[in-house]
Amino acid sequence: MLFINHDIGWAGRLMLRQFPRGFRFGSATSAYQIEGAAHAGGRQDSIWDVFCRVPGAVVRGENGDVACDHYHRYAEDVALMADLGLGTYRFSVSWPRVLDGDRVLPEGMDFYSRLVDELLAKGIEPWLTLYHWDLPAALPGGWTNRDTASRFVDYALALHDRLGDRVRTWTTLNEPWCSSFLSYAAGIHAPGQTDAAASIRAAHHLLLAHGWTVQALRAADDHENELGVTLNFTPVISASQSAADRDVARRVDGTANRFFVEPIMTGDYPADVRDDLAGYWPDDLVHEGDLAAISTPIDVLGVNYYTTNVFRAGEAEAGPTPHIAAPDAVQVLRDLPQTAMGWEVDPDGLRRLLTWLHTDYTGSAGVKLVVTENGAAFDDQPDADGYVDDTATRLEYLRRHLAAVHDAIGEGADVDGYLAWSLLDNFEWALGYDKRFGIVAVDAELRRIPKASAAWYGQVARTATLIG
Ligand code: FCB
């Protein structure tokens, strides 16, 4: 019932929206969230396997040991996407499934090779993300260690040797903000550290891993493939025009958004962010040539968007925060519907974001934008057969966000695709299995049951047309 008022308000303004030729419609998942088979084929622990064993780290002590068992059911999942009519599938590779140190794990490599073949056989474009947070636990120091960035290049090349002839789109990282500030400063994600300086180290080394890998993959495939990175953007709005509120909003935006997009697109960290973080910034962090590597040209910038946040200045938080430059930031909720995550539904934020990125960064560089994640968790109520009618909630969320993407294209943003998060209900990190983002439900017996949103989204994908 969440959107009832909006439905009425919007009904008068529904439009028939045609997406451009070649616009990609698909869905996204990540390895640890769906694969299960946690130690098959010699797979060693990732930092998430370890983190899940820490009492209190994940709700109810849940983990990805079984998850959706996609490792064994991948063919069924690919068939499901094909039946729905989805043309692109963004998945991630579990680094510890394919490499144990330097040693290639054949069973893990074979799994991804079979997955890619299955996708291609069904006419679905494979979109590979190299890193969606499941770092091998054995790497000393994790991302705080500069050497991890070198090891990442080796991993990328090993995978490219096997799949580079069939996978055309390669994304280095998913959401480095999460794998640095949320993981090393706030301690909410693996490896659960709470050290601001360590989080800056992690962020820089992640960006370095990205840049070096783009260089290595370019050299390896001679410009055949499309290379890029996925960042999570949370646009920030100041609660008022007061100097204090505007400054807090600037500082949150600095580390959440500009810290990542600016070095990649312009070759430097934003000066104001460097100043804000001066107290934590390690002196020996940035070496000669690092920023040139980080800004190696990419082809596509992946944009993950879920919500926009309003902040005001308040009392500095005592405990750990991911907003290390703005511990005094207090979120202000607006009169908007919220998802089960407590995230405000603000589709126009996506239009503004895409237009901003195109105008300020990607347009002049000829870099395409693709929405690599967008979607919503709701407390779905399955009927007796497990069917979920999410017409008024998830379907409506997707419809309004797709309309915003279409509006951004209309304003000139070069947006080339939209991938819904997520194909399946899955392991939502520290929040376990309760937060369900899937357009397909996964029940206790691991049966896949498409929700109303899946059938609707498939229709949009097949026709490239949205009524919204
Ligand atoms: C993003 C992550 C994805 C999932 C969604 C809800 O931050 O990339 O794995 O957790 O949020």
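Glycine 141 sits in the loop between strand E6 and helix H7 (147-163) of this predicted model. Its relative accessibility is 42%, so glycine 141 counts as partly exposed, since that class covers the range between under 20% (buried) and over 50% (exposed). Proline 191 is 50 residues away from glycine 141 along the chain, and the C-alpha atoms of the two are separated by 9.8 Å.

**Strands E6 and E7**

- Strand E6 covers residues 125-131 and is joined to strand E7 by four bridges.
- The two strands, E6 and E7, run parallel.
- One of the residue pairs here is tyrosine 131 with leucine 173, its bridge partner in E7.
- Strand E7 spans residues 169-174 and is mostly covered, with six of its six residues buried.

**The sheet E9-E11-E12**

- Three strands make up an open sheet in the order E9-E11-E12, and their pairing is mixed.
- The edges are taken by strand E9 (236-238) and strand E12 (329-331); each has a single partner strand, so one side of each lacks a neighbour in the sheet.
- On average, neighbouring strands of this sheet are turned by 45° against each other, with direction ignored.
- Strand E11 (residues 309-313) pairs with E12 in the antiparallel sense, over three bridges.
- Arginine 312 has valine 330 in E12 as its bridge partner.

- Leucine 14 is found in the loop between helix H1 (4-11) and strand E1 (16-18).
- Its relative accessibility is 41%, which is why leucine 14 counts as partly exposed.
- Together with Leu16 and Ile467, Leu14 forms a nonpolar patch on the surface.
- The accessible area of Leu14, Leu16 and Ile467 together is about 320 Å².

**The chain as a whole**

- The protein chain contains 15 helices and 17 strands.
- Its radius of gyration is 21 Å, close to the 23 Å that the globule rule gives for 468 residues, so the protein chain is as compact as a globular protein of that length.
- Taken along the principal axes, the C-alpha atoms of the protein chain fill a box of roughly 60 × 55 × 45 Å.
- Of the 468 residues of the protein chain, 61% count as buried.

Conventions
Residues are numbered from 1 along each chain as its sequence is written. This is a predicted model: local features need pLDDT of at least 70, side-chain atom pairs count only at pLDDT 80 or more; totals for chains, interfaces and linings use all residues. Side-chain values use heavy atoms; hydrogens and water are left out. Patches are made of residues with over 30% relative accessible area and no salt bridge: like charges are joined within 9 Å, nonpolar side chains (Val, Leu, Ile, Met, Phe, Trp, Tyr) within 5 Å. Accessible areas come from the Shrake-Rupley method with a 1.4 Å probe; for residues, only the protein chains shown count as cover. A salt bridge is a side-chain nitrogen of Lys or Arg within 4 Å of a carboxyl oxygen of Asp or Glu. Buried means under 20% relative accessible area, exposed over 50%, partly exposed in between (1.4 Å probe, protein chains only). Two strands pair if DSSP finds at least two bridges between them. Axes are lines fitted to C-alpha atoms, for helices over the stretch in contact, and angles run from 0 to 180 degrees between N-to-C directions. The radius of gyration is taken over C-alpha atoms; the globule rule is 2.2 Å times the number of residues to the power 0.38.
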